[in-house]
Amino acid sequence: MTTVGLDFHITPNPAPAPEARRAEILADPGFGKYFTDHLVSVTWTPQQGWHDASLRPYGPISMDPATAVIHYAQSIFEGLKAYRHEDGSIVTFRPEQNAARFQRSAKRLALPELPTQIFVDAIDLLVRTDAAWVPTRAEQSLYLRPFMFASEVFLGVKPASHVSFYVIASPAGAYFAKGLKPVSIWISEEYTRAALGGTGAAKCAGNYAASLVAQQEAIENGCDQVVFLDAVERKWVEELGGMNLYFVHADGHIETPTLTGSILEGVTRDSILTLAADLGHQVTENRIAIDDWRNGVSSGEIVEVFACGTAAVVTPVGKLAWRGGELAMGDGEPGPVTSKIRNALLAIQHGHAEDKHGWLHKVV
């Protein structure tokens, strides 16, 4: 296969998962637990640019102890899904948007920017090769994880001159094992996710490493997820550890925290901006104070809160907790607006509704 001057060398897996084992996995895939038979990789150096493109059997990556990424975390990633439609076709959802964010993340981490066509074609190649791994059951999908890291063997602190790009794939069921039930959110008052001038708008590994202690604190306090506030005033709602937030008001209008440079610009977040307007809602992006959240729920001004992201899609929020207090939202079930938006998005992704915005990219 040729793409943007690259010849992908194809090495089929000589021992793919037996059909019976694959069927067993697809019956209950979980999330991020099992992986398909192949991966895609491409290498970059200043002298050769993007080269050495291949599809080969999935397996461990050999790494020298002095590989730069281990020491300096020069690493970025993306997440998107492939869906099997009833006619047997397979599509991905807005992969060009993921490619664009991957480029922005690369620029912020001083990594080379991967051309959109290589990004999309690498994903297409893997999905076509491992098409049998794309689930067929409702709300299941094939989760795709493109990632790039500094693979140079060198301990100097500088942008790497040898970089590796990979794509791996994992069949996915529901992100939350408990099913679509409202999640509880812990306000992180001690830790922040990112600051202006930092890497908050990039999807880099270090952001997620920095969020884990706060996530751990949330779990210790009986919550499912953590919400981060801004790093300066400690009052403005930013995002969860891996999802963006939306607030539904009593008059039907919907708002989400505006992008400040320290919030990740989610593809699902962007899609909901459009989709909610299509469904008749006024949608705004504003700075939202944590006290506005608490007071809005208490007064009845805010009637629903939901989180969104590629992995979890749309997830209702049912409780907000902090040191010294907590606030329940709703009746323990997803709210009507949250459900409507979630169902509308899934209907497009799974081919049950018209794709008016050209968001679906056909792979097979």
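Me: Which exposed residues does the face of H1 turned away from its buried side carry?

Reply: This is a predicted model. In it, that face of H1 carries Ala 20 and Glu 24. Exposed means over 50% relative accessible area.

Me: Which residues of helix H1 are buried?

Reply: Helix H1 runs over residues 19-27, and Arg 22, Ile 25 and Leu 26 are its buried ones.

Me: What puts them on the same side of H1?

Reply: The arc. Around the axis they cover only 95°, so they lie on the same side of H1.

Me: What do the buried residues of H1 pack against?

Reply: Strand E10, residues 163-172.

Me: How do you know that the span of helix H6 agrees with its number of residues?

Reply: Compare two lengths. H6 covers residues 267-278, which is 12 residues, and at 1.5 Å a residue it should span 16 Å. Its end C-alpha atoms are 17 Å apart, so the two agree.

Me: Which residues in H6 are buried?

Reply: Among them are Val 267, Ile 272, Leu 273 and Leu 275. Arg 269 is buried as well.

Me: What follows H6?

Reply: Gly 280, with a positive phi near 95°.

Me: What makes the phi of Ala 110 worth a remark?

Reply: Its phi is positive, near 60°, and the residue is not a glycine. Ala 110 sits in the loop between helix H3 (95-108) and helix H4 (116-129).

Me: Why is Ala 110 called partly exposed?

Reply: Its relative accessible area is 39%. Buried needs under 20% and exposed needs over 50%, so a value in between is partly exposed.

Me: What about Val 313: buried or exposed?

Reply: Buried. Val 313 has 9% relative accessibility, and the cut-off is under 20%, so the label holds. Val 313 also has a positive phi of about 65°, though it is not a glycine. Its place is in strand E18, residues 313-322.

Me: Why is Cys 223 called buried?

Reply: Its relative accessibility is 4%, and buried means under 20%, so Cys 223 qualifies. Cys 308 is buried too, with a relative accessible area of 1%.

Terms used. Residues are numbered from 1 along each chain as its sequence is written. This is a predicted model: local features need pLDDT of at least 70, side-chain atom pairs count only at pLDDT 80 or more; totals for chains, interfaces and linings use all residues. Side-chain values use heavy atoms; hydrogens and water are left out. Buried means under 20% relative accessible area, exposed over 50%, partly exposed in between (1.4 Å probe, protein chains only). Helices (H or I, at least four residues) and strands (E, at least two) are DSSP runs, numbered from the N terminus. The expected span of a helix is 1.5 Å times one less than its number of residues. The arc is that of the directions from the helix axis to the C-beta atoms. Contact means heavy atoms within 4.5 Å.
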